[in-house]
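Here is a brief report on side-chain contacts.

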Amino acid sequence: QGAGGTVTFNDPVILAASRTITTGATAGNIIFGVDATLDGTSAFADTLGLTAGTGNIDFNAAVGGGTVLGTVTISSAGTVDVDAAFTVAALTVTTATTFDSTGFTINTTGKAATAGGDVNITTTGQLTTGAITTTGGASGANAIGQAAGAVTLSGGDINAGTITATGSAASSADTTTRAGGAGGAVTMTATDGSPTITLSGNIDTSGGAGAGTVVGAQGAGGTV
């Protein structure tokens, strides 16, 4: 199959609805330049699917900094570089050669009264992340806490920054007993011939605090 054409954005990008960008199964890069911030129209709803085959995907400007995107799915890529804050409902990288978000936060904190989104990244080579936050969204008035999203990292070798997958606290202005949200599970699997997992930051999967005159149970901590 012939190489796909490179797709380059040089200015701010807004998704009018859910969209896909495909350069095919062979080489063909997808590049969001330094001025190409990426936002949705409807917060947490507009999804983005990216398929670059063996081509690279580069995010050089903030994603979801204005209006949070829905789920972002990268079906295939060579290298994936995240060089700015990345705020979305959830993130899945099905397969890539390498992934690097050093120095920047991937944030899938849930919207109000909604669980945090999952972060699931798979690479054949080095997988390096900055901070990852999947906290449950703030509870509504008189409501239970929300669960955090799970974090699943699988790569040849892994270097993971700080991971915060904490449940949100319950709210009980009416004094009713309500439980906090559960923490998210964190799973890392290194697949290289001599695999290593390097922790460059702390991991917190605590459950959210309960509430009420008789305080509800704290949410269960996530398994690591």
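Which residues form one aromatic cluster? F9, F32, F59 and F86 do.

## Basis

This is a predicted model, in which local features need pLDDT of at least 70, side-chain atom pairs count only at pLDDT 80 or more, and totals for chains, interfaces and linings use all residues. Residues are numbered from 1 along each chain as its sequence is written, and side-chain values use heavy atoms, with hydrogens and water left out.

## Aromatic pairs

Rings of Phe, Tyr and Trp (its six-membered ring) pair if their centres lie within 6.5 Å; planes under 30 degrees apart are stacked, over 60 edge-to-face, and the rest tilted. The count comes to 3 aromatic pairs. F9 and F32 are stacked, at 4.9 Å centre to centre and 15° between the planes. F9 lies in strand β1 (residues 7–9) and F32 in strand β4 (residues 30–32), so this pair ties together parts 23 residues apart in sequence. Strands here are DSSP runs (E, at least two residues), numbered from the N terminus.

F59 and F86 pair edge-to-face, with 5.2 Å between centres and 80° between planes. F59 sits in strand β7 (residues 57–59) and F86 in strand β9 (residues 86–100), so the pair links parts 27 residues apart in sequence.

## Burial

Buried means under 20% relative accessible area, exposed over 50%, and partly exposed in between (1.4 Å probe, protein chains only). F9 is partly exposed at 23%. F32 is buried at 1%. F59 and F86 are buried too.

## Salt bridge

The model has 1 salt bridge (a side-chain nitrogen of Lys or Arg within 4 Å of a carboxyl oxygen of Asp or Glu). D174 pairs with R178, their closest N and O atoms 2.8 Å apart. D174 is partly exposed at 35% relative accessible area, while R178 is buried at 15%.

Methods: Helix = DSSP H or I, 4+ residues; strand = E, 2+ residues; numbered from the N terminus.
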